[in-house]
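Subject: Two-chain model, handed over with notes

Dear colleague,

Here is the structure we spoke of, with the sequence alongside. My notes follow below it, and I would be glad if you read them with the model open.

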2 protein chains.
Amino acid sequence: MREPGAGRFEIRLSGSGGQGLMLAGKLLAEAAVHDGKNAVQTQSYGPEARGGKSKTDVVISDGEIDYPKATSVDVLLSMSQPACDEYQDSLRDDGVLIVDERLVSDVARDDAVRIPFTALAIEECGRQLFANVVALGALVELTGAVSWESLRSAVLARVPRGTEDVNEKALAVGREAARKVSRG
Amino acid sequence: MREPGAGRFEIRLSGSGGQGLMLAGKLLAEAAVHDGKNAVQTQSYGPEARGGKSKTDVVISDGEIDYPKATSVDVLLSMSQPACDEYQDSLRDDGVLIVDERLVSDVARDDAVRIPFTALAIEECGRQLFANVVALGALVELTGAVSWESLRSAVLARVPRGTEDVNEKALAVGREAARKVSRG
């Protein structure tokens, strides 16, 4: 993987509607700004987004971001099989593919990172709606796309009052799962 | 104003954080898809977005949208003075500037459309959080950016259950305010 910080870094979050990926993209972008960088988030609607697929791109850069659409994806998160099928070709050869292990069974790359984000969210945080934050915790641990402290600040600033603790737990669950994968 | 549907049509929604402009952009984009078009929504974070300014761009086109950032804005909505100051230069000469009359007092263009969206939301819908939907109703009435029926469908599909009626009222309040301005 290219190192984040070496110019433009592209992250694509994909899955199906209702998985909270737009919010996850916003949190990543806000964390990047905490880190002193620029970020642009884009989502497409229309034929590309049909069939239950949801996708948002976050481009992070030290400099100005002239072209906000991801063109050569460094990190692809796929939380559904149709999204993985659709977008895995957009990933760079040296990019990182991260998938929800229970929701994406068929992956073209041998080096894909498989973590059961949704199952972990249910088991550890009580509700599957935390799967997006679990996935963010893992993605940032695996890639260093943003600093951990900035991610944590962005999440805590944005989530509904009273849910700070469970969101912080979701981040930690994702981070821990990523560490096990990395070691494993 | 250029007619929507003649190729690429760019809408910029600007104001301050918490005014619901990201959601408004999403609703516009979804309405455009209802109309059979493509749409891309972009938001920038970082220096450009600092100082309490919030902005989202929605590009609508019959064809593929290669460059998702707005470059020549057809319609600019400004819900705060700093946002209007920052973005009014991005508007085409034949573009339409729509501002919240009570929140934006200083406008460079004589032909700006001034409607008190936030005051109307409070008076007619009971809460200022409906100002974004009031503004959408007016923007669509003034510009025809998307069809009314598609806008209504997008809003009703997306808002929290139980708030359909008040959101439909907010749309109608915005539409009526725009009609009065157009006639005036």
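In what order do the twelve strands form the open sheet, and what is the sense of their pairing? The order is β6(A)-β5(A)-β4(A)-β1(A)-β3(A)-β2(A)-β2(B)-β3(B)-β1(B)-β4(B)-β5(B)-β6(B), with mixed pairing, where two strands are said to pair if DSSP finds at least two bridges between them, and where strands (E, at least two residues) and helices (H or I, at least four) are DSSP runs numbered from the N terminus. At the edges stand β6 (113-115) of chain A and β6 (113-115) of chain B, each with a single partner strand, so one side of each is left without a neighbour in the sheet. From one strand to the next the twist averages 15 degrees, with axes taken as lines fitted to C-alpha atoms (for helices over the stretch in contact) and angles running from 0 to 180 degrees between N-to-C directions.

Before going further, please note that this is a predicted model, in which local features need pLDDT of at least 70 and side-chain atom pairs count only at pLDDT 80 or more, while totals for chains, interfaces and linings use all residues. Residues are numbered from 1 along each chain as its sequence is written, and chains are lettered from A and ligands numbered from 1 in the order in which they are written.

Within chain A, strand β4 (residues 73-78) pairs in the parallel sense with strand β5 (residues 91-100) over five bridges, and also in the parallel sense with strand β1 (residues 9-16) over four bridges. L76(A) has L97(A) as its bridge partner in β5(A), while L77(A) stands opposite I98(A) in β5(A) and L13(A) stands opposite L77(A). Six of the six residues of β4(A) are buried, so this strand is largely enclosed by the rest of the structure; buried here means that 20 or more other C-beta atoms lie within 10 Å of the residue's own, exposed that 12 or fewer do, and partly exposed anything in between, with C-beta atoms placed from the backbone.

Turning to the two chains together, chain A can be laid on chain B with an RMSD of 0.0 Å by a turn of 180 degrees and a shift of 0.0 Å along the axis, the superposition being by least squares on the C-alpha atoms of residues with pLDDT of at least 70 in both copies. The two copies are thus related as by a two-fold rotation axis, and in chain A the C-alpha nearest that axis belongs to T42(A), at 2.2 Å.

The contact takes 17 residues from chain A and 17 residues from chain B, two residues being in contact if their C-beta atoms, placed from the backbone, lie within 7 Å. On the side of chain A that touches chain B, the largest share, eight residues, comes from β2(A). Across the contact, β2(A) and β2(B) pair in the antiparallel sense over seven bridges, and Q41(A) has Q43(B) as its bridge partner.

Lastly, in helix α5 (residues 148-158) of chain B, S150(B), L151(B), A154(B) and V155(B) are buried. Seen down the axis of α5(B), its buried residues fall within an arc of 130 degrees, so they line one face of the helix, the arc being that of the directions from the helix axis to the C-beta atoms. On the other side of α5(B), E149(B) and A157(B) are exposed.

With best wishes
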